[in-house]
Amino acid sequence: MKNLVKTTIALTLFLFVGLAVSAQNTSYKVNKQKRVLLVMSSYDDMGISGKQTGTWFQELAAPYYILTEAGYEVVFASPDGGEAPIDLLSMKVPFTTDYTNKFLNDPVAMFAAKRTRKLRNVDYSTFDAIFVPGGYGLLTDLASDQYLIKMIRDFYESGRSIAMVCHAPAILRDVKLTNGKYLVEGVNLTGFKDSEDAEIELDRHLLFSLEQELKRRGANYKSVKNWAPNVVIDGPLMTGQSPASAAPLAEALRNRLKK
């Protein structure tokens, strides 16, 4: 009888270890592809000015290629879903780049931009990072979108990367952590400067100043000369100042996701 008990215990342990090893191997084999949620504005009008706006093209195209070519999945989303507007000015010389030219002639990329997922239907728990391109449209919709504001808080508190370029950091204005503190308080960041808005004579059309509002919330706002690339990283938050910052910001996110 004792031998039978010992044999039974041995077989049980063998099966348990075998199942554990099998589970580990299965987990390794199905290791998921890193996913980035790229959130675009659905708004295409600058209020009473009547000026057409939307997402700035370079800030959409550069991260799309830098991240997909690194092997990451990039999913487009917007508040309304469907076709998200691209700022027409950003589709013209001298604002076009090799990335925008490639995107414009890429049927897969264009298909994705015209069929974005509705933001509130996205289960963001399945994503490793979020990237928000700039453009003036987001000041109207994304900056006050409560679902996105909660998403950014959850990403930040779970240590997942949040990359935002140009006007996108304006969305941080009303983001609070679960302790009630503004996310940007004491945090190093950047974003489109007041003087950059003024240089293209669009400052008087804005709902609010990104630079002033983030400083008012306690952010350590850092900038360089107008239109120069500038990326500031502080914990999970990664921000870029101007359109020239889109590519280096995407590269920084790409490198972080490799770790």
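Which strands are included in what covers the buried residues of α5? The views below take this up in a predicted model.

**View 1. Helix α5 from end to end.** Welcome to helix α5, which runs through residues 146–157 and so counts 12 residues. From the first C-alpha to the last, α5 reaches 17 Å, close to the 16 Å expected at 1.5 Å a residue.

View 2. At the N-terminal end, look for D145, which caps the helix. A side-chain oxygen of D145 lies 3.0 Å from the backbone nitrogen of Y147. After the helix comes G159, a residue with a positive phi, near 80°.

**View 3. The buried residues of α5 and their cover.** Buried residues of this helix include Y147, L148, I149 and M151. Further along, I152, D154, F155 and Y156 are buried too. As for the opening question, the cover over these buried residues includes the strands β1 (35–39), β4 (129–132), β5 (161–165) and β9 (237–240).

**View 4. S90 in its loop.** Now turn to S90, which sits in the loop between β2 (73–78) and α3 (98–104). Is S90 buried or exposed? S90 counts as buried because its relative accessibility is 0%. Leaving aside residues up to four places away in sequence, S90 touches T55, W56, F57, F95 and T96.

Terms used:
Residues numbered from 1 in each chain as written. Predicted model: local features only at pLDDT ≥ 70, side-chain atom pairs only at ≥ 80, totals over all residues. Heavy atoms only, no water. Helix = DSSP H or I, 4+ residues; strand = E, 2+ residues; numbered from the N terminus. Expected span 1.5 Å × (residues − 1). Buried < 20%, exposed > 50% of the residue type's maximum accessible area, 1.4 Å probe, protein only. Contact = heavy atoms within 4.5 Å. Polar contact = N/O pair within 3.5 Å; in protein donor to acceptor, adjacent residues only side chain to side chain.
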